[in-house]
Amino acid sequence: MAYRFSFQNQSVEGIIGQFATQVPRETRFWSSMVDYFREPPESGTDPVIYDVFSLPYGDSSAELMAVLTVLYGGQIGGERFHTKGHFHTEPDGPEYVIVLAGRGILERGQRDGTIEQSIMEPDTHIMVPPGQAHRVVNVTDEPLLFVSLCSAAVGHDYASITTLGWATPKNR
Ligand SMILES: [Fe+2]
């Protein structure tokens, strides 16, 4: 399958538009990640935190998962918009992240609670080693766009993120 994406001299809207016309979009509202924010948003609102455009892939280890994430800018109770974050599980594997637009922080966490942060800005490339949880925080009010590449076979463990202190579920 072939795609055509141009990133040079493109506006954020232009990049999103190219993906939107070629790749399925999955929208993550606050209501799908209530345990990952300390406080709820303003009553009656359910902001879009991020959109994920996943290029179709199989699930064999021979296949590659390629995803564009559009993490919108904003905050809820002073907490900046961020992705849920996850560990890769069996089979574990690395993830390669390329920033296209915006500014943010990529947090990488070990199971012992150690967290390292990398600044994300256009043209930053970050390799997340196997065994490290990873999540992205948008530090501005503008969208943060990044492409992630990893084996299509990796599993995703979102629950263990709570042990890193990244999320503070209300029922704990
Ligand atoms: Fe990942």
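**Sheets, core and helix of the predicted model**

Six strands form an open sheet in the order S1-S2-S3-S12-S7-S10, and their pairing is antiparallel. S1 and S10 stand at the edges of this sheet. Each has a single partner strand, so one side of each is left without a neighbour in the sheet. From one strand to the next, the twist averages 20 degrees. The model is a predicted one.

The chain as a whole holds 1 helix and 13 strands. Along the sequence the pattern is α-β-β-β-β-β-β-β-β-β-β-β-β-β. The radius of gyration of the chain is 16 Å, close to the 16 Å that the globule rule gives for 172 residues, so the chain is as compact as a globular protein of that length. The C-alpha trace spans about 45 × 35 × 25 Å along its principal axes. Of the 172 residues in the chain, 25% are buried. Contacts across the sequence were also examined. Among contacts between residues at least 6 apart in sequence, 72% join residues at least 24 apart.

S2 (48–54) pairs with strand S3 (residues 64–71) in the antiparallel sense, over 5 bridges. Two residue pairs mark this pairing. Phe53 stands opposite Leu68 in S3, and Tyr50 stands opposite Leu71 in S3. S3 in turn pairs with S12 over 8 bridges, again in the antiparallel sense. Here Met65 stands opposite Cys150 in S12.

S12 (residues 144–151) also joins S7. These two strands run antiparallel, with 6 bridges between them. S7 and strand S10 (residues 125–128) pair in the antiparallel sense over 4 bridges. In S12, Ile98 stands opposite Val147. In S10, Ile98 stands opposite His125. S7 spans residues 95–101. Of its 7 residues, 5 are buried, so S7 is largely enclosed by the rest of the structure.

A second sheet was found. In this open sheet, 3 strands follow the order S9-S8-S11, with antiparallel pairing. Strand S9 (115–120) and strand S11 (133–138) are its edge strands, and each pairs on one side only. The twist in this sheet averages 20 degrees from one strand to the next. Strand S8 (residues 104–109) and S11 run antiparallel and are joined by 6 bridges. The bridge partner of Glu107 in S11 is Arg135.

The largest nonpolar core has 20 residues. Leu100, Leu145 and Phe146 have the most contacts inside this core. Helix H1 (12–20), S2, S3, S7 and S12 each supply at least two of the core residues. The surroundings of Leu145 show several of these elements. Leaving aside neighbours within four places in sequence, Leu145 is in contact with Val12, Ile15, Leu68, Val70, Leu100, Ala101 and Gly102. The placement of the helix was examined next. H1 lies across S1, S2, S3, S7 and S12. H1 runs at about 130 degrees to S7.

Asp35 was considered separately. Asp35 lies in the loop between strand S1 (25–29) and strand S2 (48–54). Inside 10 Å, Asp35 has 16 C-beta neighbours, and therefore counts as partly exposed. A residue would need 20 or more such neighbours to be buried, and 12 or fewer to be exposed. Asp35 and Cys150 are 115 residues apart in sequence. In space, they are 26 Å apart, C-alpha to C-alpha. Cys150 itself belongs to S12, where Met65 stands opposite.

Note on methods. Residues numbered from 1 in each chain as written. Predicted model: local features only at pLDDT ≥ 70, side-chain atom pairs only at ≥ 80, totals over all residues. Pairing = 2+ DSSP bridges. Axes fitted to C-alpha atoms, helices over the stretch in contact; angles between N-to-C directions. Rg over C-alpha atoms; globule rule 2.2 N^0.38 Å. Contact = placed C-beta atoms within 7 Å. Core = buried A, V, L, I, M, F, W, Y, C linked by C-beta atoms within 7 Å.
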